[in-house]
Amino acid sequence: MKPVTLSILCLLSAALSAADLALPAPRKSGGMTLAEALNTRHTVRRFAERQVTLPELSAVLWMANGVNRPDGKRTAPSARNRQEIMIYVTTADGTYLYDAPAHALKEVTKTDLRAAAGGFPAPCYLILVADTRKQTQRDFALIDSGYVSQNIYLAARSLGLGTCAMARIADRDTLRRELALGENLLLLVHPLGTPAK
């Protein structure tokens with residue numbers, strides 16, 4: 001059976017719910033060891049055309065900042081447990097907000113914001129934003145986004161995907177407007193996909 005792409009599942013889910021897309025449960029054991037992921041981790045700026053599958057995206061999002069304990073705490077640490085880092089996912093099908101407690105994607109807009117996020121042609125981008133209502137100290141938000149960013153790198157590598165953390169965002173104004181960020185901090189973007197050969 002061929003891997004089901006995010007595009008196909010987004011189309012199917014549109015018939016069920018205009019706003020939510022449930023993610024498959026992420027695999028939480030097995031695979032590449034942490035030492036192997038660290039040893040082979042590298043920045044990827046060129047991506048193959050292959051789409052990121054929904055199981056792959058589910059795994060990356062959970063490893064990046066998903067809930068890993070019954071008390072709601074996350075895979076990434078956060079100062080004072082404010083859990084202020086939000087992850088938006090933008091693809092050709094639209095843009096979604098990762099809801100970690102529900103392990104689901106909430107539709108934000110049907111607009112593809114990949115070009116606004118960055119200049120690399122990738123199947124999807126992860127956009128890291130700090131909720132300033134939860135974390136008022138900018139320094140803590142910057143540090144916390146670094147934890148999530150490193151988790152994205154290691155998650156991608158462990159799945160045979162590639163990524164690149166970028167603070168130089170192509171069109172901040174468009175992202176801020178389309179995501180209705182208000183006072184929230186737009187921090188980093190990560191193109192995500194299969195490395196080009």
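**Second largest cavity**

I began with helix H5 (138-158), which gives the most to the lining of the second largest cavity, with three residues. This is a predicted model, so I read it as such. Strand S6 (162-163) joins H5 here, each supplying at least two residues of that lining. I listed the residues around the space: Arg41, His42, Val44, Tyr153, Ala156, Arg157, Leu161, Gly162 and Thr163. I sorted them by class and got four nonpolar, three polar and two charged. The second largest cavity holds about 40 Å³ of space.

**Largest cavity**

How many cavities of 30 Å³ or more are there? I found two. The largest has about 50 Å³ of space. Its lining is made up of Asn65, Arg74, Ala76, Pro77, Ser78, Gln83, Glu84, Ile85, Asp144 and Val148. I noted four nonpolar, three polar and three charged residues in this lining.

**Largest pocket**

Next I turned to the open space. I read a volume of about 440 Å³ for the largest pocket. Which residues lie nearest its centre? I picked out Gly30, Met32, Met63, Ala155 and Ser158, from a lining of 20 residues. By class, that lining splits into 10 nonpolar, eight polar and two charged residues. I was pleased to meet H5 again: together with helix H2 (34-40) and helix H3 (54-65), H5 is on the list of helices that each supply at least two residues of the pocket lining.

Technical notes:
Residues numbered from 1 in each chain as written. Predicted model: local features only at pLDDT ≥ 70, side-chain atom pairs only at ≥ 80, totals over all residues. Heavy atoms only, no water. 1 Å grid on protein atoms, 1.4 Å probe; cavity = no way out; pocket = protein on both sides within 12 Å on 5 of 7 lines; lining within 4 Å. Points joined across faces, edges and corners; volume = space filled by probe spheres on them. Helix = DSSP H or I, 4+ residues; strand = E, 2+ residues; numbered from the N terminus. Nonpolar A, V, L, I, M, F, W, Y, C, P; charged D, E, K, R; others polar.
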